[in-house]
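Student: I'd like to learn how to read a structure like the one we have open. Could you walk me through it?

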Amino acid sequence: ARNMLRPVIMILLLSAITLAAGCSAKVNKNDLAGQYEVVIDNEKQIIQINPDGTYDNAFHKGKSLVWHYRNRWRYGNEPALSTDAIVFEGFHFGLNGYNRNGLAGFWPVEPERSWSGAIELCFDPDLNGRCFVKQNG
């Protein structure tokens, strides 16, 4: 029985190492530009990060655009997070349960790579795995 358990333990150990490596891959500033989306029920929020230091933020309910605006972003060391982060100025969350009564503010977030390699900007990773995910193309 002990010999049969050894391969199972090795597979679990290798899987854990592989997953941990995939989640910890550093994201470069040059990889940030692009479109990020999150969909919860019938709500969708889209962030378009532009290389010129601006971003567009759009919120949709069903098929209707509720609001859209443009503001600035920067990337660098963020002392509050003790790491490199993207900081969105004047950011609004539109999603139900996250919209802070429409108040805008600075949103510092560490870009991360998922196990599949997609870049994610997570705003509720611990409780619900809520992240804006970079779209291909």
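Student: What share of the contacts in the protein chain with a separation of 6 or more comes from residues 24 or more positions apart?

Tutor: Keep in mind that this is a predicted model. Residues 24 or more positions apart supply 40% of those contacts in the protein chain.

Student: Which helices and strands does the protein chain have, and in what pattern?

Tutor: There are one helix and nine strands.

Student: Let's zoom in on one residue. Is D56 buried or exposed?

Tutor: Buried means under 20% relative accessible area. D56 has 11%, so D56 counts as buried. You will find D56 in strand β3, which covers residues 54-61.

Student: Which residues does D56 touch beyond its neighbours within four places in sequence?

Tutor: D56 is in contact with I46, I47, Q48, N50, H68, Y69 and R70. With R70, the side chain of D56 also makes a polar contact of 2.8 Å.

Student: How many disulfides are there, and which handedness applies?

Tutor: A disulfide is a covalent bond between the sulfur atoms of two cysteines. The whole structure has one, joining C122 to C131 with an S to S distance of 2.0 Å. The torsion about the S-S bond of C122 and C131 is about 95°, so the disulfide is right-handed. Both C122 and C131 are buried.

Notes. Residues are numbered from 1 along each chain as its sequence is written. This is a predicted model: local features need pLDDT of at least 70, side-chain atom pairs count only at pLDDT 80 or more; totals for chains, interfaces and linings use all residues. Side-chain values use heavy atoms; hydrogens and water are left out. Helices (H or I, at least four residues) and strands (E, at least two) are DSSP runs, numbered from the N terminus. Contact means heavy atoms within 4.5 Å. Buried means under 20% relative accessible area, exposed over 50%, partly exposed in between (1.4 Å probe, protein chains only). A polar contact is a pair of N or O atoms within 3.5 Å; within protein, one must be able to donate a hydrogen and the other to accept it, and residues adjacent in sequence count only if both atoms are side-chain atoms. A disulfide is a pair of cysteine sulfur atoms within 2.5 Å.
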